[in-house]
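Please look through the sequence and the structure shown here before reading on. The paragraphs that follow lead from ring contacts to a sheet.

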Amino acid sequence: MKKKLFGFIVMILFGLGLSAQTINITGTVTSVMEDDMPLPGATVRIKGTTLGTVTDMDGRYRIQATATDTLIFSFVGMISETIPIEGRNIIDVGLRMDIARLGEVVVIGYGTESSRLVSGSLGVVSESEMRDVPMRTIDGVLQGRSAGVYITQNAGNPGAATSVRIRGNSSISAGNEPLYVIDGIPMTSGNYGQIGFSGQGINALSDINPNDIESITILKDASAAAIYGARATNGVILITTRRGSERRTDINFNSSFGMQEAANVLNMLNADQWHDYRGTQPDPDNPVDTDWLNQIFRTAPMSSYELSASGGDASTQFFISGNYFQQEGIIIGTDFQRLNGRLNLDHKVNSNVTIGGSLGTSYSLNNRVEGDRSLHGVLPNSISMAPIYPVYNPDGTYNQDGFFANPIAIGKEAINEAHSYRTIGNAFADIQFFNNFTFSTKWGLDYLSLREHSYDPITTRQGATTNGLGIEAQTNVVNIVSNNLIRYNNSFLDVHNVEVLTGYSFEMFRRRNQYAEGIDFPGAYFQYLLDAGTIRSAEARAVDRGINSYFGQIRYNFDYKYIVSLSGRFDGSSKFGPDNRYGFFPAISLAWRLSEESFFQALNTPINEFRLRGSFGITGNDGIPDFAYLDLYRGRANYGQQAGIAPTGIPNPGLKWETTTQINVGADIEFFEERIALAFDYYHNVTSDLLFNRPVSMTSGFTSITSNIGELENRGVEVSLTTVNIQTTQFSWESRFNLSHNKNKILSLYKDQNLLDLDRYSPSAVIVGEPMSVLYGFRSLGVDPSTGDIVWDDIDGNGIINSDDRTIIGDPNPLFTGGFSNNLFYGPFELNFFIQFSYGNDIFNATRIFIEAMKGPDNQSAAILDRWRQPGDITDMPRATETDPNANNRISSRFVEDGSFARLKNLTFSYNMPRQLTERIGVRNARIFFTGANLFTLTNYSGMDPEVNYRGDSNLLRATDFFTYPQARSYTLGINLRL
C-alpha cells in the first residue's frame with residue numbers, strides 16, 4: 001500500500017514538473033484580409049503575464065512558454081486572437097482587420113492609419129473612382145471627387161494645365177497649388193514651358209499615368225498636412241502607386257478608343273448678316289461665306305493601351321506596367337501623346353530588412369497652337385475673322401486678305417512641339433531593430449527634360465513677316481530628395497497604442513534653361529536654328545536651391561477611444577536670408593470616438609460610429625522667386641564697349657515665410673452598419689505675412705520690392721455623404737455626395753493699397769475687405785432707349801464717368817462646389833455616373849468685348865442682331881458705332897455672367913463577361929465598357945465652356961474667358977482583361 005501511494009505521489013509531482021516545463025513556440029502572424037501577408041510588429045503575449053515578443057519583418061515570432069499557457073496575438077487595427085498552446089511547438093495565426101471598429105487603412109503623412117483613428121481632415125479617392133475617367137491626368141481625375149478640393153480645367157487643349165485649390169486661395173503671389181507626393185517623394189509640378197501660350201501651359205502632372213495609381217489621399221487641415229511643413233499651406237496630395245503582393249502573377253490588359261467633339265460652339269454672323277451689320281454689299285461674282293469655326297473644329301480620336309503584371313512570393317513582390325495614350329485635340333494643330341513605363345519592387349532580405357524601389361519613366365509629345373492674347377491664335381482668329389474671306393486663294397495658297405491671320409494656315413502649317421522626358425524614381429530600405437523600432441531611408445529623384453520646338457513658316461502671316469520664325473527652348477529640372485526616419489510602434493496593457501516618429505529630410509533642386517530665337521530661314525524644310533539667317537535672341541539661366549527639414553510626430557490612442565496627434569517640423573529654405581531661413585510648423589489634433597463609450601452603446605441607436613475631431617496647426621509657403629533677399633546682378637549692362645553688370649532688384653534681407661494658422665473641427669458619423677456615412681468639417685485659416693512685389697518709388701530705379709505685406713483668411717464648411725441605398729444579392733446602389741463652401745477675404749495689404757488694373761482683359765482685383773480676385777469695373781444700368789448707349793452708374797455722383805466710378809461688379813469665387821457620384825450593380829452589369837457642379841460664381845466673358853463691340857474688323861456674335869437700331873428700341877444690346885464715344889465696350893458688368901453649372905462629367909456602363917466563357921480562352925476576367933465625358937452641361941453662361949480660366953498660370957487673374965479652348969465631349973469604348 002505504501003509503495004502504491006509513493007508511486008502515485010511521484011507521478012503527480014512528475015506531471016506537475018512536466019506541465020511547468022517551458023517549451024519553444026514559433027510561428028507566423030499574417031493578415032487574412034490581405035492575401036495572407038505577414039504582419040511585422042505584431043505583439044505575441046503570454047496571457048496573465050507581461051512576457052511577450054513582437055514579430056519580425058516576415059511576421060515570424062519565437063517565444064518560450066509552458067505547454068498549458070495561452071497566447072494573445074494582437075496588432076493595431078486588427079482583432080486580437082487568444083489561443084491555448086496545448087503543448088504545440090508551432091502556432092500560425094491569421095488576424096482579421098477590425099473594420100467594424102477601426103475602419104479601413106488609409107495613407108497619411110509618412111505612414112498609414114486606420115480611418116477611424118484619423119484625427120485630422122482628409123479625403124480619399126480610390127482606384128475604382130479613377131478607373132474609367134477619360135481625363136488621363138492626376139488632377140483631371142480628382143475633379144469634384146473630394147469636398148474642399150476645387151479643380152478648374154483652365155482650357156480644353158490636350159495635356160493642358162489645371163488650377164487646383166484646396167480650401168481656397170491662401171496666397172496672392174506665392175504658390176497656391178498643393179504639394180504632390182508620389183510614393184513618399186515630393187514631385188515637380190507646374191508649368192515649365194518657356195514658349196508662352198496664354199495661360200494654356202504644359203502640365204508637368206500630365207506625365208504621370210493615372211492607371212498606375214492605387215489611391216490618392218488629400219491632406220486638408222494643418223494636423224494632417226503640417227508634417228510636410230513649408231509647402232503644406234495649400235494642402236498635400238499623397239499618391240500611392242500600385243505594388244505587387246504575395247500571390248500568383250496577375251496580367252492585365254486595358255484598351256480603349258474614343259471620339260471627341262466640341263460640345264458648344266459660338267453662333268457668329270454669316271456673310272449676309274455681316275454685310276447687313278457693316279452696311280456693305282457682297283460681291284455678286286464671287287460670293288464667300290466662310291464658317292471659320294467649322295473649319296477649325298473637328299471630330300478627334302483618342303486611344304489608350306496598357307499592359308501590366310503584378311505578383312510575387314514571400315520574399316519578392318513586383319508591379320510592372322506600360323501604357324500608350326494618344327489624344328487629338330478638337331481644334332486643328334493640337335494633340336497629345338504619352339508613353340509610360342513603371343516598375344515597383346519590394347524584397348525581403350531577411351527577417352529584419354526590406355528593400356525596394358519604384359521607377360516611373362515617360363515620354364510625351366504635346367502639339368499646341370497659340371491661344372488668346374495673340375493675333376496668331378487658331379481659335380481667336382477663327383472667332384474674329386469676318387466670314388467674307390475665303391480659306392484659300394484660287395491657286396490653293398492661304399488667303400491672307402483679312403485683318404487677322406488665316407487660322408487654318410496657323411493650325412496646319414505652324415509647328416509648336418513640346419517634348420517631355422520624365423523619370424521619377426526612389427529606392428528605400430526598412431530596417432527593424434530591437435523591439436518595435438524601424439529605421440527607414442528613402443532616396444528619390446524627379447528628373448524632367450522639356451524640349452520645345454516652334455516654327456512659323458512663310459505660309460503663315462507671322463512667319464511671312466520674318467521670313468520664317470524659329471524658337472528652341474530647353475528646360476532641365478532635377479529634384480533629389482532624401483527622407484530618413486525612425487519609427488517606434490507599440491501597444492501595451494491592451495489599451496495604450498502609441499507611434500512615435502522622428503526624421504530628417506533634404507531636397508536639392510536644380511533648373512537649367514536655354515532659349516533661342518531665329519529668323520530669315522531659307523525655306524519651309526529648314527526649321528531649326530542651324531539654318532536661321534539671323535539669331536534674334538538667345539539666353540540661358542540656372543537656378544540651384546535647397547531645403548532641409550527636421551520633423552517629428554506622436555500619435556496615441558487609448559483603447560481606440562481617445563486619440564491625440566502631435567507633430568512639428570523645422571524647415572530651412574535657401575529662398576530666405578539667414579535671420580529667417582528656418583520656420584517651425586507645429587500641429588495638434590484630438591478625436592473622441594463617442595460610439596466606443598459604454599453609455600453611448602447603451603442608447604441602442606442606429607449609429608455605429610460617432611467621432612468628433614478638432615485640430616490646430618501652422619503651415620508655411622515659400623513659393624516666391626529665388627534669392628529675393630540678396631543683392632542680385634545680371635550681365636548685358638555693357639558700357640563703353642565694355643562688359644558690365646547691373647542690379648536686378650532691391651534686396652529685402654527681412655523676407656520671411658508666409659504662415660497659415662489653421663483651425664478645423666469636424667465630425668464623422670456612420671449609421672446602420674455603415675449604410676450611411678456622414679462627414680462634416682468647419683475650418684478657419686488665416687495667412688499672415690503675404691509675399692508680394694509691392695510698389696516702390698521709381699526714383700529707386702525699380703518699380704517694386706518683394707515684401708511681406710498683408711493677411712487673408714478662408715472660412716468654410718465641407719460635407720460628405722456616402723450611402724448604400726440598396727444592397728441585395730442581385731442589385732446594389734451606392735452614392736457619394738460632397739458639398740463645399742469657402743469664403744475668402746483679404747484682411748490687409750501694404751498701407752491698404754488695393755491691387756487694381758492687373759491685366760488688360762481681366763478685371764480681377766485684390767481689395768481689402770473683399771474676396772480675392774473680385775471683378776472690378778464699371779456698372780452698366782442698361783441701354784438708353786433714346787440713344788442706344790449704355791447708361792453707366794455714376795458712383796461718385798459728379799456727373800462724369802471716369803475711373804473713380806469703378807466698383808465691384810462680380811465675384812469669381814463659387815458659393816458652393818461639389819460632386820455627386822452613383823454606382824449601380826445588377827448582376828454582371830455596372831452603371832456609374834458622376835455630376836460635378838459649381839454655384840454662385842461669376843465669369844468675365846472678355847471675348848464679348850470684341851465680338852459684341854460692333855466696331856472694328858472683328859466678326860460679331862449673332863447676339864448683336866438684337867442691337868439698338870432706332871429711338872424707342874428696348875434691348876440690352878447697344879447701338880453699332882465705329883467711334884463709340886460712350887465706350888460701350890469698356891470693362892463693365894455688361895460682360896459679367898453667371899458661371900454656375902452642373903455637368904455630367906462622366907458616365908460609364910460596363911458588362912463583366914461570364915467566367916465560364918472567359919476561362920475557355922485563358923482569361924480570368926473580362927470587362928467591356930462605354931464611357932461618356934462632358935455629355936451635357938446645365939448653365940446660363942453664353943460662352944463655349946463655363947469651366948474656364950484664360951490665365952490659369954496666375955494666382956490673381958481668375959474666371960476670365962478670353963477666346964479660350966473649350967473642353968470636349970467624348971465617347972469611349974474599352975475592354976479590361978485579367979489573365
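**Rings, charges and a sheet**

Arg-545 lies over the face of Phe-509, at 3.9 Å from the ring centre; a charge is taken to sit over a ring if NZ of Lys or CZ of Arg is within 6 Å of the ring centre and within 35 degrees of the ring normal. Likewise, the charged end of Arg-890 is placed over the ring of Phe-778, 4.6 Å from its centre. The model is predicted, so local features need pLDDT of at least 70 and side-chain atom pairs count only at pLDDT 80 or more, while totals for chains, interfaces and linings use all residues. Residues are numbered from 1 along each chain as its sequence is written, and side-chain values use heavy atoms, with hydrogens and water left out.

Rings also meet one another: those of Phe, Tyr and Trp (its six-membered ring) pair if their centres lie within 6.5 Å, and planes under 30 degrees apart count as stacked, over 60 as edge-to-face and the rest as tilted. By this rule the count comes to 33 aromatic pairs. In one of them, the rings of Tyr-504 and Tyr-550 have centres 5.0 Å apart and planes at 45°, so the pair is tilted. Because Tyr-504 belongs to strand S26 (residues 496–519) and Tyr-550 to strand S27 (residues 534–558), this pair ties together parts that are 46 residues apart in sequence; strands here are DSSP runs (E, at least two residues), numbered from the N terminus. Tyr-504 is partly exposed, with a relative accessible area of 29%, and Tyr-550 is partly exposed at 44%, where partly exposed lies between buried (under 20% relative accessible area) and exposed (over 50%), using a 1.4 Å probe and protein chains only.

The rings of Phe-737 and Phe-820 have centres 6.1 Å apart and planes at 70°, so this pair is edge-to-face. It links distant parts of the chain, with Phe-737 in strand S38 (residues 731–748) and Phe-820 in strand S44 (residues 816–826), 83 residues apart. Elsewhere, ring pairs join Phe-433, Phe-434, Phe-437 and Tyr-488 into a cluster.

Turning to the sheet, four strands form an open sheet in the order S4-S3-S6-S7, with antiparallel pairing; two strands pair if DSSP finds at least two bridges between them. Strand S4 (52–54) and strand S7 (81–84) stand at the edges, each with a single partner strand, so one side of each is left without a neighbour in the sheet. Within this sheet, strand S3 (residues 43–46) and strand S6 (residues 70–74) run antiparallel and are joined by four bridges, and Arg-45 stands opposite Ile-72 in S6.
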